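Let's take a friendly walk through a protein chain together.

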Amino acid sequence: MKDLQITQETMMANAIRALTMDAVEKAKSGHPGMPMGMADVATVLFNRFITLDPTAPNWPDRDRFVLSAGHGSMLLYAINHLLGYADMVGIEQIKSFRQLGSTTPGHPEYGHTQGVEVTTGPLGQGIATAVGMALAERMKNARYGADLVDHFTYVMAGDGCLMEGISHEAIDLAGHLKLGRLIVMWDDNHITIDGDTSLSTSTDQQARFAAAGWHVQACDGHDPEAIAAAIEAARAEARPSLIACRTVIGFGAPTKQGSHDVHGAPLGAEEIAAARARLNWPHEPFEIPSEIAKAWGRVAARGASARAAWEARLAASPARADFLAAEAGDTSALPAVIAAYKAELSAERPKLATRKASEMALGVVNATLPFTVGGSADLTGSNLTRSKGMKSVQSDDFTGNYLHYGIREHGMSAAMNGIALHGGLRPYGGTFLAFADYCRPAIRLSALMGVPVTYVMTHDSIGLGEDGPTHQPVEHLASLRAIPNLVVIRPADAVETAEAWEIAMMSRDKPVMLVLSRQNLPLIRTEHVAENLTARGAYLLRDPAERQVTLIATGSEVELALSAADRLAQEGIAAAVVSAPSFELFATQPRDYVAKVLGTAPRIGCEAALRQGWDLFLAPSDGFVGMTGFGASAPAPTLYDHFNITAEAIAAEAKSRI
């Protein structure tokens, strides 16, 4: 590995190293190793290749830069400060690294800091999300042409990112689709927290990527010309590219570089002083010499010129209006269309599984919104996520709007995050609810970032029947409702399902999960109401003048609650019935509305799942009819009887509390 030559580009890289050392030292916390090791690669990438404009951080045709190794956040913050992002102007945010309220949190957070394309930190999520970004670029390029969409997605990933299982799903999908605008720069420093990578892995990563259909190169990560040649070759490739950048972690720290000791701890004053001498950086902490600041400023100026040229092309394009509508995610036409569709359903009263009702609603949604992108993790015929007329996306034809994610639930969820973050497309994708556990880390990031991804989770309970407890979710609803900023909707019929899709498509800052049945359910909303009642979270289906008990149910169990109310009425007991498709939406309702829905009478909850999470509706003294453990293999009606989730059981529970 050659020694650094003192050039302006080298000093630009040393500015990243110096800011990293100083910020981590001041915070007494952080990860200096990765930014110092990858500073040369990052500098060559930004100085010679990347196109972005800090004055317009959301410019649609900018290159995307994803720091998958999010613990190395000071690399990104240092660059963004040097480029002049508005929330990084001045040195105070760098000095406030990892402090409350700063724009420089421990790991990069989308929406919190300009120039951060995706929240990273959980290793592997960045590279998997970047696959979605690169896929969205190709799909939009196929729609609008290279004049409007023609950019790269660059990723910096570490050994940890490539060890995580999601990396396999991501690189396999990217290689299959030949996403040539995706370039991954691997920080090949042979170090993890425990020590040398030889302690835990013997994988030939270059061979693994090549086997998945990637273009693979290796270079000295401290040789600017070698780095530039590798990036140039990658940009010319029709396949996604991996560049294995052989680096020294903590490069420049004389006694700590190359060791796991430099991964996640401040260097200390003595080591920083020695590093400054070694790097020929005599400047005070947090000080950037003017010539280096100007050099980084030229990178930003180049991007501003490119953006101005793009805006001129957009202004002259006949596709301008459609392009901007898609970028804005204009769903204003949808509510009226859904309202008309609901009226049809109420008149026709179909008995449908809500997964089938979802397919029908998607026919309306996809016909109205041209920027939706569907998909499934190899369960299209079960999730029913493909509406009539949808076209498959393929490696030689990106004009489609339906993605075959394969048996890669985690990779699918992360890719949908990337598609949504890229902008201009609205993704949804399906699998079985029991497999939400495979998706969960990406779902959590959807919620944390506030991106409007729609998750279609079918086969939602013991109602799926004979496949048995491995596929029957009982704890999943509780665990998913526990994720902040995720809206979970379990509709009871075709009308609620249509309303759920309206909510999902109108969402701007929350992911939405539709939880759908395998078994057929009767239509309960037989009288048309224009208002989207599902958006209330819970609402009264029956409201007797003098209620003695309130029955609250979700999804397929609403039918049972209505039947139980009929049984109670025969015995002279007045029961109100509440459909509660979304706990999260109900929690946002005004206090007087909540009081009206819940009433003061004893309450009985019913759901073919665990009681955990029902505190929003039930007091400890209230009753619950549902699951207390795992399911079993049998036809659905047999299972409902076996686990005593019946109208009779609800009625009995109600009578015991009156």
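Start with glycine 195, which is buried, with a relative accessible area of 6%. Here buried means under 20% relative accessible area, exposed means over 50%, and partly exposed lies in between, using a 1.4 Å probe and protein chains only. Glycine 195 belongs to strand E5 (residues 195-196). Helices (H or I, at least four residues) and strands (E, at least two) are DSSP runs, numbered from the N terminus. If residues up to four places away in sequence are not counted, glycine 195 touches His190 and His260; contact means heavy atoms within 4.5 Å. Leucine 52 is 143 residues from glycine 195 along the chain, and their C-alpha atoms are separated by 36 Å.

Before going on, a word about what you are looking at. This is a predicted model, in which local features need pLDDT of at least 70 and side-chain atom pairs count only at pLDDT 80 or more, while totals for chains, interfaces and linings use all residues. Residues are numbered from 1 along each chain as its sequence is written, and side-chain values use heavy atoms, with hydrogens and water left out.

You can find histidine 190 in the loop between strand E3 (182-188) and strand E4 (191-192).

Look for asparagine 644 in the loop between helix H23 (636-642) and helix H24 (647-655). Its relative accessibility is 48%, so asparagine 644 counts as partly exposed.

Now turn to some helices. The 20 residues of H5 should span 28 Å at 1.5 Å a residue, and its end C-alpha atoms are 28 Å apart, which agrees. The expected span of a helix is 1.5 Å times one less than its number of residues. H5 is mostly covered, with 18 of its 20 residues buried. Just after H5 comes glycine 145, with a positive phi of about 90°.

Which residues does aspartate 147 contact, leaving aside its neighbours within four places in sequence? They are Trp310 and Arg313. Serine 317 is 170 residues from aspartate 147 along the chain, yet their C-alpha atoms are separated by 8.6 Å.

Trp310 leads us to helix H11, where Trp310 is among the buried residues, together with others including Ile292, Trp296, Val299 and Leu314. Helix H11 (residues 290-316) has 27 residues and reaches 39 Å from its first C-alpha to its last, close to the 39 Å expected at 1.5 Å a residue. What covers its buried residues? The cover includes helix H1 (8-27), helix H2 (33-49), helix H3 (73-83) and helix H12 (320-328).

One more loop is worth a stop. Glutamine 548 sits between strand E16 (539-542) and strand E17 (549-553), and its relative accessible area of 32% makes glutamine 548 partly exposed. Beyond its neighbours within four places in sequence, glutamine 548 is in contact with Gly572, Ile573, Ala574, Ala601, Pro602 and Ile658. Proline 602 is 54 residues from glutamine 548 in sequence, and the two are 7.2 Å apart in space, C-alpha to C-alpha.

Finally, step back to the whole. The protein chain contains 24 helices and 20 strands, and its C-alpha trace spans about 90 × 55 × 45 Å along its principal axes. A compact globule of 658 residues would have a radius of gyration near 26 Å, and the protein chain has 27 Å, which agrees. That radius is taken over C-alpha atoms, and the globule rule is 2.2 Å times the number of residues to the power 0.38. Buried residues make up 62% of the 658 residues. Among contacts between residues at least 6 apart in sequence, 77% join residues at least 24 apart.
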